[in-house]
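Subject: The structure we talked about, with notes

Dear colleague,

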Amino acid sequence: MPSIRRYVNQLGERENIDQVFLVADKQLRANRNGNLYLQLRLTDKTGSLTGMLWNASDSMFNSVETGNYLRVAGTTQIYNGQLQMIVTRIEPTDPRQIDEQDFVTVSTEEMDRLAQRLTELLRTVRNVHLRNLAECFLADEHFMGKFTTAPAGIKNHHAYRGGLLAHVVSLMEVCRVVAPLYPELDSDLLLLGAFLHDAGKIDELTYDREFGYSDEGQLIGHVVMIISTVEDKVAESERLSQEKFPAELLLRLKHLIISHHGEYEFGSPKLPMTLEAIALHLLDNLDAKLYSVAQILKEDVGSDSNWTSFNQSLGRKFFKGQRPDTQ
């Protein structure tokens, strides 16, 4: 195996590869002739690519575990603007021989910086009730341990360990910039809504190594799951402060969380019906979409077109323009 690793974002077409990847997903499929092939999503800290192993079998499929490391040999190629690998050999790898930093999207130092920034942003809140509530969450080591390591999704935006923290801090920064432009907005309430809107994902998703959904996540969903936690923390803040949390303020905060998906068709139990809820939905969508499209542009490596391949989930192609070295 090569001593110097070639990361996914360094790979080009027609390269012979023999190194270790983290398996994020596996599927056993049949081609038009009924022959089985193994499709793998192979990742490292810089990105992912699809690996295709022809003439596969059930036993071969069962020998590969998602969330585990796998030594993969094969040749890269471009297909529909995406880099993939035609795999010729796979073999399990002892994780003790792996440098896990090669597979961590966000470094420990970056996660610490983001966690510190999250604390700083929450402590700018002036409303005493919301500030006390934020402090109850920050003091909960179990909650914060999950919050700082969870992904924001499985396949869409910020789908990596620490992705939830990165998304929330980015969204809170945007809220801090936008809120002063609209004096009618309650900037403190908007900031708490940004902090908590996706917090249910810490238990909706599973992310110890392989990403997936918990049973509660499948049956209830993160939008609803966090509400009981918010109620518990409000009760805690009342006990500590000896002050009643205003009923309407709590109602508005819950509405921010419940309505942040914005549309019924996107799984929102309610449409946004306050200024802050409208702002949170739109700014959340802004942060998620910009991240997703930036990743699409980054990962589309088709060199003969100014456009990416068609993206099914977003329903369009995206314009790349000419690369700097061709202008």
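Gln242 has its place in the loop between helix H9 (222-241) and helix H10 (247-258), where helices are DSSP runs of H or I with at least four residues, strands are DSSP runs of E with at least two, and both are numbered from the N terminus. The phi angle of Gln242 is near 60 degrees, which is a positive value in a residue other than glycine. Gln242 counts as exposed because its relative accessibility is 68%; exposed means over 50% relative accessible area, buried means under 20%, and partly exposed lies in between, with a 1.4 Å probe and protein chains only.

Please keep in mind that this is a predicted model, in which local features need pLDDT of at least 70 and side-chain atom pairs count only at pLDDT 80 or more, whereas totals for chains, interfaces and linings use all residues. Residues are numbered from 1 along each chain as its sequence is written, and side-chain values use heavy atoms, with hydrogens and water left out.

Asn55 also has a positive phi, near 55 degrees, in a residue other than glycine, and Asn55 sits in the loop between strand E3 (47-53) and helix H1 (58-63). With a relative accessible area of 66%, Asn55 is exposed.

Next come the helices. Helix H5 (residues 163-178) has 16 residues and reaches 22 Å from its first C-alpha to its last, close to the 22 Å expected at 1.5 Å a residue, the expected span being 1.5 Å times one less than the number of residues. Its buried residues include Gly163, Leu164, Leu165, Val168 and Cys175. Which helices are among those that cover the buried residues of H5? The cover, counted by contact (heavy atoms within 4.5 Å), includes H2 (108-122), H4 (141-147), H6 (187-196), H7 (201-204) and H11 (275-299).

Helix H6 is itself largely enclosed by the rest of the structure, because 9 of its 10 residues are buried. Among them are Asp188, Leu189, Gly193 and Phe195.

Ile258, in helix H10, counts as buried because its relative accessibility is 18%. Although Ile258 and Lys270 are 12 residues apart in sequence, they are 6.4 Å apart in space, C-alpha to C-alpha. Leaving aside residues up to four places away in sequence, Ile258 touches Val223, Ile227, Ser268, Pro269 and Lys270.

How many salt bridges does a search of the whole structure find? The search finds 20, a salt bridge being a side-chain nitrogen of Lys or Arg within 4 Å of a carboxyl oxygen of Asp or Glu. One joins Arg89 with Asp18, the closest N and O atoms being 3.2 Å apart. Arg89 lies in strand E5 (residues 82-92) and Asp18 in strand E1 (residues 16-30), so this pair ties together parts that are 71 residues apart in sequence. Arg89 is partly exposed, with a relative accessible area of 37%, and Asp18 counts as partly exposed at 23%.

A salt bridge also links Glu135 and Arg131, with the closest N and O atoms 3.5 Å apart. These two residues are 4 residues apart in helix H3 (residues 128-138), so about one helical turn separates them. Glu135 is partly exposed at 25%, and Arg131 counts as partly exposed at 29%.

The side chains of Lys146 and Asp203 meet in a salt bridge as well, at 2.6 Å from N to O. Lys146 lies in helix H4 and Asp203 in helix H7, so the pair ties together parts that are 57 residues apart in sequence. Lys146 counts as partly exposed at 23% relative accessibility, and Asp203 is partly exposed with a relative accessible area of 32%. Finally, salt bridges that share partners join Asp18, Arg71, Arg89 and Glu91 into one network.

With best wishes
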